[in-house]
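This report describes the fold of one protein chain, from its overall make-up down to a few single residues. Please look through the sequence and the 3D view before reading on.

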Amino acid sequence: MSHEPAVPEPASPEPASGSPKPQLSGPVTLRDGTAAWVRALRPHDRSTLAHEYESLSPQSRRLRFMASVPHLTNAMLDHLVDDVDGVEHVALVLGVTTPQGPEPVGIGRILRYKDLPEAADLAVTVKDDWQGRGVASALMPLLVEHRPPGVTYLLTEVSAHNPASLAMLRRVGPTRTHPSEPGVIDVEVDLSDGGVRHERPGPQERLHPALAVPHARCQPLPRRDRDRDRD
């Protein structure tokens, strides 16, 4: 589970034309009582997503990619925006309405693994000023509810320095963790009482090989780039 920026655009109640299923939109209430809205990420959000990413703090950017990534490349945006189809790859923007207009404050996505069709990766990010107010807690159940058909468990990774993300995953369902490399924890979350799917690997090995394939996941950054950043 990783982080990404929110997209500054108001909610729209109308589904996009030609979508494989209705796009999710509507009101939600945050844990602190704030009224908010949610909508699906759309193709024209690409340039705004790139701009908003750079407004995140260095720590939030590092937690998103587990590396120092100053900006989103075109290849990363292809995956994070253009590949969203609303079924196999669902992305939702959460925002609030202020006197100055709509303000997006969080974004989340869930993506099925092509070679592991019962599993999905999940990522949620909240803007720095809104962290701790229940934005991620509002997005998580919506993403799980609108997960790709047939997905019965989550398979993701979190930073060992991001206990809040691990705590949120534990609230979703029975959770198993495995330290796969320095600073990284692989996580499996059961969504259907199916029990353990993957045997625990040896030290410094991934819980499943799919976690090492960036473009199969919400993580579009090759692992070698993250390894190089740690050196």
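## A term to start with

A residue is called buried if its relative accessible area is under 20%, and exposed if that area is over 50%. Arg 206 has a relative accessible area of 10%, so Arg 206 is buried because this value falls under the 20% limit. The model is a predicted one.

Arg 206 sits in the loop that links strand S8 (184-190) to helix H6 (223-230). The side chain of Arg 206 makes a polar contact of 3.4 Å with the side chain of Ser 180.

## The chain as a whole

The protein chain contains six helices and eight strands. Along the sequence they come in the pattern β-β-α-α-α-β-β-β-α-β-α-β-β-α. Of the 231 residues in the chain, 53% are buried.

The protein chain exposes about 10,400 Å², and carbon and sulfur atoms supply 54% of that area. Among contacts with a separation of 6 or more, 64% are between residues 24 or more positions apart.

## The sheet

Strands of a sheet pair through backbone hydrogen bonds, in either a parallel or an antiparallel way. Here eight strands form an open sheet in the order S1-S2-S3-S4-S5-S6-S8-S7, and the pairing is mixed. S1 and strand S7 (175-181) are the edge strands, each pairing on one side only. From one strand to the next, the twist averages 30 degrees.

S1 and S2 run antiparallel and are joined by four bridges. Thr 29 has Ala 35, in S2, as its bridge partner.

In soluble globular proteins, nonpolar side chains tend to be buried together. The largest nonpolar core of this model has 34 residues, and those with the most contacts inside it are Leu 92, Leu 94, Leu 122, Val 135 and Leu 154. Several elements supply at least two residues each, including strand S3 (89-98), strand S4 (101-113), strand S5 (116-126) and helix H4 (135-145). H4 gives the most, with eight residues. A second, separate core has 18 residues, among them Tyr 53, Leu 72, Met 76 and Ala 91.

How many of the 11 residues of H4 are buried? Eight of them are, which leaves H4 mostly covered. The buried residues are Val 135, Ala 136, Ala 138, Leu 139, Met 140, Leu 142, Leu 143 and Val 144. They pack against strand S1 (26-29), S2, S3, S4, S5 and H5. For Val 135, leaving aside neighbours within four places in sequence, the contacts are Leu 30, Leu 94, Val 105, Gly 106, Val 126 and Trp 130.

## Val 81 in helix H3

Val 81 belongs to helix H3, which covers residues 74-82. Is Val 81 buried or exposed? Its relative accessibility is 3%, so Val 81 counts as buried.

Which residues does Val 81 touch, not counting those up to four places away in sequence? They are Leu 41, Arg 42, Pro 43, Arg 46 and Leu 49. His 44 is 37 residues from Val 81 along the chain, and the C-alpha atoms of the two are separated by 8.6 Å.

Methods: Residues numbered from 1 in each chain as written. Predicted model: local features only at pLDDT ≥ 70, side-chain atom pairs only at ≥ 80, totals over all residues. Heavy atoms only, no water. Buried < 20%, exposed > 50% of the residue type's maximum accessible area, 1.4 Å probe, protein only. Polar contact = N/O pair within 3.5 Å; in protein donor to acceptor, adjacent residues only side chain to side chain. Core = buried A, V, L, I, M, F, W, Y, C linked by side-chain atoms within 4.5 Å. Contact = heavy atoms within 4.5 Å. Areas by Shrake-Rupley, 256 points an atom, 1.4 Å probe, with all protein chains shown as cover. Pairing = 2+ DSSP bridges. Axes fitted to C-alpha atoms, helices over the stretch in contact; angles between N-to-C directions.
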